[in-house]
Amino acid sequence: MLSLDGATVRFGGRAVLDAVGLEVAAHEVVCVLGPSGSGKSTLLRVVAGLQPLDSGRVSLDGRDQAGVPAHRRGVGLMFQDHQLFPQRDVGANVAFGLRMHGVSKGERDAEVAQLLELVGLPGAARRAVASLSGGEQQRVALARALAPRPRLLMLDEPLGQLDRSLRERLVVELRELFSRLGTTVLAVTHDQGEAFALADRVVVMRDGRIAQAGTPLEVWQRPADAFVARFLGFENVVAATVAGTAADSPWGKLPVPDGSAQGGRTVLVRPAGVRLVPAGQGLPCTVTARTFKGTHVAVHLQPADGPRLEAACALRDAPEPGASVGVEFDVAETLVLE
Ligand SMILES: Nc1ncnc2c1ncn2[C@@H]1O[C@H](COP(=O)(O)OP(=O)(O)OP(=O)(O)O)[C@@H](O)[C@H]1O
């Protein structure tokens, strides 16, 4: 449905989008993820027709969109600050795009009622926008974006301003809604939890380029490089020299899976693969801090030599800060990055 080919945008000589290639299939939900300034919003704006390309191409349903203005592209956009019209009621906000398309009043009212039902706000058409909570306003903005039945719906930080529990709930609702409607979605977020919960496929951006694209599981299990691994929150990433099934690292010899890439590499050890053993065994470390993570405790460790480590520990097993422990590494949670 959507295809970007060598899409490039430069500001003052710097490529903010650098030869980006991306395909989005019909009914697919793709989340673009990346740190601030990596080019996510620019990517959306390019697809929407709000930002011209310096080179490359954007196609929708196989048709090059060069010269096609934003309002003729058939894409819906929902921004972070959702920009509802405060002086109009909920129904008028949702009906906005339908009016622009010349839909009659009777049809509009029926459509608005149906959309409000869909986003979980049945009967809210006559309410004032100011009387709604942040989460309710977000749903109205979503109903408004869905109303003209866009072939592609684009969301820019759709849940950005909401509190965590509401975001987690809405993300599940959105996922159900999109799969029910078969909506094709391109969403941008800097929250990896949101992206992983919402997307069929995630695209991680760095400095205007795609660092990795894949299903949430693929990206989580095999981050492409140290940047992606760190961006996903993995701290135990270290340069090492791999020979056979061992890697020489600042933490000593690490076991690595059979068939790992050899030579000078970057090695990732997931926190679950950092096993605490009694002091005197393994790599000597001092516990510097503990962070409660709900299902486990993250134990932060300073080895006598080498960069800090993070271990995932059961609540009852987590040692106190200041304790001396040993560390062993589990090959099943170790990965040599390409
Ligand atoms: N009109 C512009 N003129 C000059 N530079 C721009 C313009 N728009 C964006 N940029 C720059 O391009 C880079 C990418 O911006 P973009 O908004 O696409 O990033 P982002 O990944 O969406 O970031 P954020 O998560 O902070 O919204 C940034 O360094 C930004 O300062």
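Tutor: The model is predicted. To begin with the sheet, two strands count as paired if DSSP finds at least two bridges between them.

Student: What makes S12 and S13 a pair?

Tutor: Strand S12, residues 246-249, and S13 share four bridges in the antiparallel sense. The cut-off is at least two bridges, so the pairing counts. Within this pair, Ala 246 stands opposite Pro 255 in S13.

Student: Which order do the strands of the open sheet take?

Tutor: The five strands run S13-S12-S11-S14-S20, with antiparallel pairing.

Student: Why are S13 and S20 called edge strands?

Tutor: Strand S13 (252-255) and strand S20 (334-337) each pair on one side only. From one strand to the next, the twist averages 45 degrees.

Student: Why is helix H2 called roughly parallel to H4?

Tutor: The axes of H2 (residues 90-100) and H4 (residues 134-146) cross at roughly 30 degrees and come within 6 Å. Angles under 35 degrees count as roughly parallel, and therefore H2 is roughly parallel to H4. The crossing of H2 and H4 is right-handed.

Student: Which residues of H2 and H4 meet?

Tutor: From H2 they are Val 90, Asn 93, Val 94, Phe 96 and Gly 97, which meet Val 140, Ala 143 and Arg 144 in H4.

Student: How do the residues of the contact of H2 with H4 divide?

Tutor: They divide into five nonpolar, two polar and one charged.

Note on methods. Residues numbered from 1 in each chain as written. Predicted model: local features only at pLDDT ≥ 70, side-chain atom pairs only at ≥ 80, totals over all residues. Helix = DSSP H or I, 4+ residues; strand = E, 2+ residues; numbered from the N terminus. Axes fitted to C-alpha atoms, helices over the stretch in contact; angles between N-to-C directions. Parallel < 35°, antiparallel > 145°, perpendicular 65-115°, else oblique. Left-handed = near helix turned anticlockwise from the far one by under 90°. Contact = placed C-beta atoms within 7 Å. Nonpolar A, V, L, I, M, F, W, Y, C, P; charged D, E, K, R; others polar.
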